Amino acid sequence: MIQTQETRAPSSGLSKAQRAYQWLKQKISRQEFTPGYRLVLSTIAQQLDMSVVPVREAIRQLEAEGLVTFQRNVGAQVAMVDESRYRSSMETLGILEGAATALAAPNLGKEDLRRARELNDRLAASLDDFDPHAFTQTNHEFHQVLFARCPNERLTELVSAEWERLGHLRDSTFSFVPGRARESVEEHAHVLELIENGASSVEIERAARGHRQNTLTSYLKNKHSTTDSEDFTTNS
């Protein structure tokens, strides 16, 4: 079997199951394995030059994280965008990230703010030639700058975990509601202004949390509008 560079990459002491897990998670996060993509154990095992046992273990771990679903007679597949799960994850992230950003604000230096503005400018420049995946990656970097200096390490860990949990769903959001990207850039600028002007932690938290809620509202509104339109077309 001809091995790819990914397969031959040093495992750094990782077990085969851990290697399979990282490989699969990377494929999902990069949208190479999109929602609904079937994960065939034998094919993946062959690509990674290992047995199906560690691949099955890796898929079980991804299933526990909500990134993979398993259906009888269908098998494992990359999780679809589930509205209830997306809603709860976004609401949770809004609460956690809002608090983390507010706590981090007093600790952000000039270089942090310069970096955040640079990233937001990059997001603004990408709107005319929009790539949902690239936008999502840069958007993540922007928010990381704002909450990374939160003195509560446990809170920071929870925010990062929730970002990871949303993973591939976030690309789907900007693909489905591309107009939301422009609004998001404007809201980023507002949060930055609050921080630079020494606004209270309450104001900063409210703005950061509202930013997340606006994305959720925009997605759900567009999704339901599209569904209603399809139902009308079907019934007319």
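What follows is a tour in a few stops, with something to select at each one.

**Before we start**

This is a predicted model, in which local features need pLDDT of at least 70 and side-chain atom pairs count only at pLDDT 80 or more, while totals for chains, interfaces and linings use all residues. Residues are numbered from 1 along each chain as its sequence is written, and side-chain values use heavy atoms, with hydrogens and water left out.

**Stop 1: the whole chain**

Colour by secondary structure. Going along the sequence, the pattern reads α-α-β-α-α-β-β-α-α-α-α-α-α. Of the 236 residues, 41% count as buried. Here buried means under 20% relative accessible area, exposed means over 50%, and partly exposed is in between, using a 1.4 Å probe and protein chains only. Take the contacts (heavy atoms within 4.5 Å) between residues at least 6 apart in sequence: 75% of them join residues at least 24 apart.

**Stop 2**

Select residues 38-39, which are strand S1, then 68-71 for S2 and 75-78 for S3. Together they make an open sheet in the order S1-S3-S2, with antiparallel pairing. S1 and S2 are the edge strands, each pairing on one side only. Strands count as paired if DSSP finds at least two bridges between them. S2 and S3 are joined by 4 bridges, and S1 and S3 by 2. To see partners, show Gln-71 with Gly-75, then Arg-38 opposite Gln-77.

Now zoom in on the turn. Which residue in the hairpin of S2 and S3 takes a positive phi? That's Asn-73, with phi near 70 degrees, and the hairpin has 3 residues between its strands. Most residues other than glycine have a negative phi. Asn-73 counts as exposed because its relative accessibility is 80%.

For another positive phi, jump to Asp-49, where the value is near 55 degrees. Asp-49 sits in the loop between helix H3 (41-48) and helix H4 (52-64). Its relative accessible area is 46%, so Asp-49 is partly exposed.

**Stop 3: the rings**

Show the side chains of Trp-23, Phe-33 and Tyr-37, which ring pairs link into a cluster. Rings of Phe, Tyr and Trp (its six-membered ring) pair if their centres lie within 6.5 Å; planes under 30 degrees apart are stacked, over 60 edge-to-face, and the rest tilted. The count comes to 4 aromatic pairs. Phe-33 and Tyr-37 form a stacked one, 4.3 Å centre to centre with 10 degrees between the planes. Are these two buried or partly exposed? Phe-33 counts as buried, at 8% relative accessibility, whereas Tyr-37 is partly exposed at 36%.

**Stop 4: the cavity**

Select Glu-97, Thr-101, Phe-142, His-143, Leu-146, Glu-187, His-188, Val-191, Ala-208 and His-211: they line the largest cavity. A cavity is a set of points, on a 1 Å grid over the protein atoms alone, where a 1.4 Å probe fits but cannot get out, and lining residues have an atom within 4 Å of a point. The structure holds 1 cavity of 30 Å³ or more, and the largest cavity has about 50 Å³ of space. Helices H5 (83-104), H7 (132-147), H9 (179-196) and H10 (201-235) each supply at least two lining residues.

Centre on His-143, in helix H7. His-143 is buried, at a relative accessible area of 6%. Beyond neighbours within four places in sequence, its contacts are Glu-97, Trp-163, His-188, His-211 and Arg-212.

**Stop 5**

Ile-195 belongs to helix H9 and is buried at 10% relative accessibility. Leaving aside neighbours within four places in sequence, show its contacts: Thr-101, Ala-105, Leu-108, Leu-113, Leu-146 and Ile-204.

Finish at Glu-162, in helix H8 (residues 153-176). Glu-162 counts as buried at 12% relative accessibility. With neighbours within four places in sequence set aside, Glu-162 touches Ser-89, Thr-92 and Leu-93 by the contact rule.

How values were computed. 1 Å grid on protein atoms, 1.4 Å probe; cavity = no way out; pocket = protein on both sides within 12 Å on 5 of 7 lines; lining within 4 Å. Points joined across faces, edges and corners; volume = space filled by probe spheres on them.
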